[in-house]
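Please examine the structure shown below. The explanation after it is written for a reader who is new to the study of proteins.

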Amino acid sequence: MAFYFDEPSRTFNEYLLVPGYSPETCVPAQVSLHTPLVKYRKGKEECPITLSIPMVSAIMQSVSDDRMAIALATEGGLSFIYGSQSIEDEAAMIGRVKDYKAGFVTSDANLSPDMALDDVVRLLEEHGHSTMPVTEDGSAHGKLLGIVTGRDYRLSRMDRSEKVANFMTPREKMIVAPDGTSLKTANDIIWDHKLNSLPIVDENDHLVALVFRKDYDSHKSNPDELLDSHKRYRVGAGINTRDYAERVPALVDAGADVLCIDSSEGYSDWQRFTLQWIRDHYGDEVKVGAGNVVDAEGFRFLADCGADFVKVGIGGGSICITRETKGIGRGQATAVIEVAKERNRYFEETGIYIPICSDGGIVYDHHISLALAMGSDFVMLGRYFARFDESPSNRVMINGSYMKEYWGEGSARARNWQRYDLGGDKRGLSFEEGVDSFVPYAGSLKDNVALTLSKVRSTMCNCGALTIPELQEKAKLTLVSSTSIVEGGAHDVMLRDTNTFASRASVDRDR
């Protein structure tokens, strides 16, 4: 006979946090949002990778590419580059993130003296930056002969066929530093000489790397940015349960800091096989998350298989129609609560703390606070990040308003059949589990994330908590009725911005 749960599954919108005592020291400026990304022995060792903010971007074509990864890592979060592309393309995206801010950067746009201004323009369009070393053979590590920046030419006054040798800044007029110079010393030289970049050369005057002023300035203005031990941005990558033997080595070689199995349902042998292969070939060196699950059994299965973190949620995403098409899933709040309890039991039994990620079901900013209070260590967001300038989708005008394209990995547009793979020889989507849609354009990631996190910090202070673990310990949550949900929004007033009347009977709106 089938098993029936006694209680209905709940969504985040059915809960509210009840305020707790807030001492005078509990102010938003004192709140820490640092949170573990991967498993560790809590209380005995440091977590190998800690997020500065509890936000990661979803493994989706319309959300997470290298541009998104750079923008989110700047704020302290992490992107998982989408895996529904060729292995080579995914590895290239990871490489671009790791090379973007490395302190000592290997130049990817290089010139030889006999190249022309037209080549400069082409490289500028291809790579997006104007600083280009000129080497004897045009390679990244050739003998340094000069440098070209945006100050060395004017397209409106010069012929496109003009040779680089005629307008470059020559080597004898350049300030360089020897190989072995520390990053601190390099930045001091940049500051003292008012440079935008500093070439590093070896004893034979061959170019080794470049150090950029913008990297120093960026770090000073973004103290929470997520960096590895080499001062490079951290980045994650999605993998599947089909080609992991080929994809994982390529992504690891490209510099991926953490992997995640991208699947609609994680309680399966396919995930066990994938995790086992990674452990057999890399031990615990490669960090990999798994999922998605919605109950204690699913979490325990993936924990025993060796997952470094576990994603929670099936069918709660705004573009996901898995519940409609297949009738499986669970309310996101109930799923997080149950999995968090099992995570805590696992920690008590083993001493190993496995972070959980709430994936899906977050519509409003306050849902992030609820997910954290219920036990999530961080949240994965798709729709939220798809709205920003940094997402890879197109911005379009719909009925007079700017929108961004947003499609699910189970849609006909993405055709990510590996995410929904149930084994066997059949390849391809039998039916759609995601939709193709639009979301309101919201501007830059930086501004929106700052606003969202200010709300989270304020909520934590209302609960008397300065850290996420403290919030999980002190939080008091209450179920709310449908009437009280309406009461929580604007009602019985005429709204200035829309000239509409907000009544108690109004349906809760997607803000």
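Predicted model: local features only at pLDDT ≥ 70, side-chain atom pairs only at ≥ 80, totals over all residues.

Residues are numbered from 1 along each chain as its sequence is written, and side-chain values use heavy atoms, with hydrogens and water left out.

How many disulfides are there? A disulfide is a pair of cysteine sulfur atoms within 2.5 Å, and by this rule the count is zero. Cys-26 is in no disulfide, the nearest cysteine sulfur being that of Cys-461, 4.0 Å away. For Cys-260, the closest cysteine sulfur belongs to Cys-357 at 7.4 Å, which is too far for a bond. Cys-260 is buried (under 20% relative accessible area; exposed is over 50%, partly exposed in between, with a 1.4 Å probe and protein chains only), because its relative accessibility is 0%.

Aromatic rings (Phe, Tyr and the six-membered ring of Trp) pair if their centres lie within 6.5 Å; planes under 30 degrees apart count as stacked, over 60 as edge-to-face and the rest as tilted. The whole structure holds 16 aromatic pairs. One of them joins Tyr-40 and Tyr-353 edge-to-face, with 6.1 Å from centre to centre and 65° between the planes. Tyr-40 is buried at 12% relative accessibility, and Tyr-353 is buried at 4%. Together with Phe-347, Tyr-40 and Tyr-353 form one aromatic cluster.

Gln-85 is also buried, at 14% relative accessibility. Gln-85 touches (heavy atoms within 4.5 Å) Glu-90, Met-93 and Arg-247, not counting residues up to four places away in sequence.
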